[in-house]
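Subject: Structure handover and findings

Hello,

Here is the structure for your files. Please look it over before reading the notes below.

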Amino acid sequence: MGVVKTQAQKIWKGDLLTEHLQDFASGAYTEVEGAITIEEYEGVDLTVLKTLEKCSGNIIISDNKKLESLKGLENLKEVGGSFSILENAELYSYCALQKELISAGIKGVEITKGIIEKIETLDNGYNPSIMSLQNKKCSALKFKELCFSC
């Protein structure tokens, strides 16, 4: 009989802030008991969160001038509060949310809130509606990548 090894759930206790992201990634945490706030992050994606599966509180991703993609959130399955993605001028790809969160529906502690009330996108490079995300329209070309004189 073979031995099956499983990784134990590692829980980050308390709020996860931008300055804690490297510690989160190096500890391979899968859950945050608290809120996640990512502001003024210098990365182009969120691969530091690739092990994240659950957040018991709100998630706020805002004012990140270089963020282009939500890559790294592919394993996120549950958000206990709201999910706000605001003022990320270079953010054009939400495709990482397709794998778990959007396809299964955002689940969380506030079960009475529907998916439309839980996620907000505003003032990003691309601001898809929930319906767009559900219809797999998870990214857009950057305006500067369009060529009108070609």
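The notes below go through the fold, the sheet, the disulfide and the aromatic rings.

First, the ground rules. This is a predicted model, where local features need pLDDT of at least 70, side-chain atom pairs count only at pLDDT 80 or more, and totals for chains, interfaces and linings use all residues. Residues are numbered from 1 along each chain as its sequence is written, and side-chain values use heavy atoms, with hydrogens and water left out.

Overall fold

The protein chain has four helices and nine strands. Both are DSSP runs numbered from the N terminus: helices are H or I with at least four residues, strands are E with at least two. Along the sequence the pattern reads β-β-α-β-β-β-β-β-β-α-α-β-α. Of the 150 residues, 43% are buried. Here buried means under 20% relative accessible area, exposed means over 50%, and partly exposed is in between (1.4 Å probe, protein chains only).

The accessible surface of the protein chain is about 8600 Å², and carbon and sulfur atoms hold 53% of that. These areas come from the Shrake-Rupley method with a 1.4 Å probe; for residues, only the protein chains shown count as cover. Take the contacts (heavy atoms within 4.5 Å). Among those between residues at least 6 apart in sequence, 50% join residues at least 24 apart.

The sheet

An open sheet is built from four strands in the order β1-β3-β5-β7, with parallel pairing. β1 (11-13) and β7 (78-79) are the edge strands; each has a single partner, so one side of each has no neighbour in the sheet. Strands pair if DSSP finds at least two bridges between them. β1 and β3 (residues 31-33) pair in the parallel sense over three bridges. Ile11 stands opposite Glu31 in β3.

The disulfide

How many disulfides are there? The count is one, taking a disulfide as a pair of cysteine sulfur atoms within 2.5 Å. The bond joins Cys95 to Cys138, with S to S at 1.9 Å. The link of Cys95 and Cys138 is right-handed, at 80° about the S-S bond. Cys95 sits in the loop between β8 (83-86) and α2 (101-104), and Cys138 in the segment after α4 (130-134), so the pair ties together parts 43 residues apart in sequence. Cys95 is partly exposed, at 31% relative accessibility. Cys138 is buried, at 10%. Cys55 is also buried, with a relative accessible area of 1%.

Aromatic rings

The structure holds four aromatic pairs. Rings of Phe, Tyr and Trp (its six-membered ring) pair if their centres lie within 6.5 Å; planes under 30 degrees apart are stacked, over 60 edge-to-face, the rest tilted.

One of the pairs is Trp12 with Tyr29, edge-to-face at 5.2 Å centre to centre and 85° between the planes. Trp12 is in strand β1 and Tyr29 in the loop between α1 (21-26) and β3, 17 residues apart. Trp12 is buried, with a relative accessible area of 13%.

Another is Tyr94 with Tyr126, also edge-to-face: 6.0 Å centre to centre, 75° between the planes. Tyr94 lies in the loop between β8 and α2 and Tyr126 in the loop between β9 (119-122) and α4, so this pair ties together parts 32 residues apart in sequence. Both tyrosines, Tyr94 and Tyr126, are buried.

Ring pairs also link Trp12, Phe24 and Tyr29 into a cluster. Lys10 lies over the face of Tyr29, 5.3 Å from the ring centre. The rule there: NZ of Lys or CZ of Arg within 6 Å of the ring centre and within 35 degrees of the ring normal.

Best regards
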